[in-house]
Amino acid sequence: MRAACRVPIVAAHLNGWRRSGDFGVIAHRAGSPVGAVWARQFDPSEGPALFVGAKTPEVSLGVLAEERGKGVGLALLRRLETMAREEGLDGLCLSIRD
């Protein structure tokens with residue numbers, strides 16, 4: 001997490017983690033984390049990369065390079081989608097960055 005927080009756009013999604021409305025999940029293989037997906041609802045005053053609405057949080061996703069192409073990211077996104085639906089959210093916003 002420390003390395004991720006050195007990337008400004010990612011840090012905005014992690015700093016102060018577990019504020020109201022934050023939610024996410026971590027994927028493990030053989031007891032070690034291999035990927036994570038999380039969502040944060042921003043207020044327009046925070047200058048998010050993209051603001052869709054007050055009930056549509058932004059999503060962040062990361063998967064270790066050696067685990068890519070194995071369905072980890074898709075499984076994480078599906079679980080997050082279920083969590084969002086259970087929370088009564090309008091949807092999720094995912095923008096792609098390298």
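This is a predicted model: local features need pLDDT of at least 70, side-chain atom pairs count only at pLDDT 80 or more; totals for chains, interfaces and linings use all residues.

Now the helix itself. α2 has 15 residues. From its first C-alpha to its last, α2 reaches 21 Å. That is close to the 21 Å expected at 1.5 Å a residue.

Next, which residues of α2 are buried? They are V72, G73, L76, L80, M83 and A84. These residues sit on the same side of α2, because they cover an arc of only 105° around the axis. Turn to the other side of α2, and you find R78, R85 and E86 exposed. So what does the buried side pack against? The buried residues of α2 pack against β1, β2 and β3.

Let's take one residue from that side. M83 is in helix α2. Buried or exposed? M83 has 16% relative accessibility, and the cut-off for buried is under 20%, so M83 counts as buried. Leaving out residues up to four places away in sequence, M83 touches F23 and G24. Look at G24 on the sequence: M83 and G24 are 59 residues apart there. In space they are 8.3 Å apart, C-alpha to C-alpha.

On to the strands. How many bridges join β1 to β2? There are 7, and the two strands run antiparallel. In this pairing, H28 stands opposite P33 in β2. The hairpin of β1 and β2 has 2 residues between the strands. In that hairpin, A30 takes a positive phi near 55°.

The largest nonpolar core has 12 residues in all. Where do they come from? β1 (23-29), β2 (32-40), β3 (58-63) and α2 (72-86) each supply at least two. The largest share, 5 residues, comes from α2.

What does V34 touch, not counting residues up to four places away in sequence? Its contacts are A27, H28, R29, G62, V63, L64, E67 and V72.

Over to you for questions.

Definitions and conventions:
Residues are numbered from 1 along each chain as its sequence is written. Side-chain values use heavy atoms; hydrogens and water are left out. A nonpolar core is a set of buried Ala, Val, Leu, Ile, Met, Phe, Trp, Tyr and Cys residues joined through side-chain atoms within 4.5 Å. Buried means under 20% relative accessible area, exposed over 50%, partly exposed in between (1.4 Å probe, protein chains only). Helices (H or I, at least four residues) and strands (E, at least two) are DSSP runs, numbered from the N terminus. Contact means heavy atoms within 4.5 Å. The expected span of a helix is 1.5 Å times one less than its number of residues. The arc is that of the directions from the helix axis to the C-beta atoms. Two strands pair if DSSP finds at least two bridges between them.
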